[in-house]
Amino acid sequence: MRRRAAWSLGIIALVLLLAGIAVWWWQSSLEQPAPVASRSPSSVATETDVRDVAQQELDDHLESCIADATAEVLPEGCGLRIPWGTEFAAVDRVRLRIDRLPVLELTEEGFVADDGVLVATVTGTGHDGSVRTETYRTESWSVRGDITREGSDVALDVW
């Protein structure tokens, strides 16, 4: 009986081995489905890097806007509009402060930067002829513009 059991076990093992090889061969001969298109990790990192570089360039630009602002001239492309005309006959001084810089998001057309907080303190002459100082605060300071990407270089054109 021992000899018969050993032969039976050997035949069963051989059949299982052959069945495993047949399944493996059948699976490898099937056509593999095309992989699902997705962003590679390097392209995600590249887009994130471009956004970070563009954000830094925008931050620097807006900081220079604040430094360059005077009572006579508010720099172009800075999203600065102060409604002093209804309260002032003449403006002597404008002091600007950034409480929060706008956050940049890339779009198909360029970029949008929203949710900035800007405070403007205006000193001048009121319509009644008296010295007047007013503080204006916006919690929705935003700018838009175009972006040019060349490799790792980013150039912004802020409107």
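A salt bridge is a side-chain nitrogen of Lys or Arg within 4 Å of a carboxyl oxygen of Asp or Glu. Asp99 and Arg97 form such a pair, with their closest N and O atoms 2.8 Å apart. The model is predicted: local features need pLDDT of at least 70, side-chain atom pairs count only at pLDDT 80 or more, and totals for chains, interfaces and linings use all residues. Residues are numbered from 1 along each chain as its sequence is written, and side-chain values use heavy atoms, with hydrogens and water left out.

**Salt bridges**

- Side chains of opposite charge can pair when their charged atoms come close.
- The structure holds six salt bridges.
- One of them joins Glu87 to Arg132, where the closest N and O atoms are 3.8 Å apart.
- Glu87 sits in the loop between helix H2 (41-68) and strand S1 (88-100), and Arg132 in strand S4 (residues 131-150), so this pair ties together parts that are 45 residues apart in sequence.
- Helices (H or I, at least four residues) and strands (E, at least two) are DSSP runs, numbered from the N terminus.
- Glu139 and Arg137 also meet through their side chains in a salt bridge, at 3.1 Å from N to O.

**Exposure of the paired residues**

- Buried means under 20% relative accessible area, exposed over 50%, and partly exposed in between (1.4 Å probe, protein chains only).
- Glu87 has 23% relative accessibility and so counts as partly exposed; Arg132, at 29%, also counts as partly exposed.
- Arg137 counts as partly exposed at 48%, whereas Glu139 counts as exposed at 52%.

**Nonpolar core**

- In soluble globular proteins, nonpolar side chains tend to be buried together.
- A nonpolar core is a set of buried Ala, Val, Leu, Ile, Met, Phe, Trp, Tyr and Cys residues joined through side-chain atoms within 4.5 Å.
- The largest such core here has 30 residues, and Leu58 and Phe111 have the most contacts inside it.
- At least two residues of this core come from each of H2, S1, strand S2 (103-106), strand S3 (111-126), S4 and strand S5 (153-158).
- H2 supplies the largest share, six residues.
- Apart from neighbours within four places in sequence, Leu58 is in contact (heavy atoms within 4.5 Å) with Pro102, Leu104, Phe111, Ala113, Val143, Leu156 and Val158.
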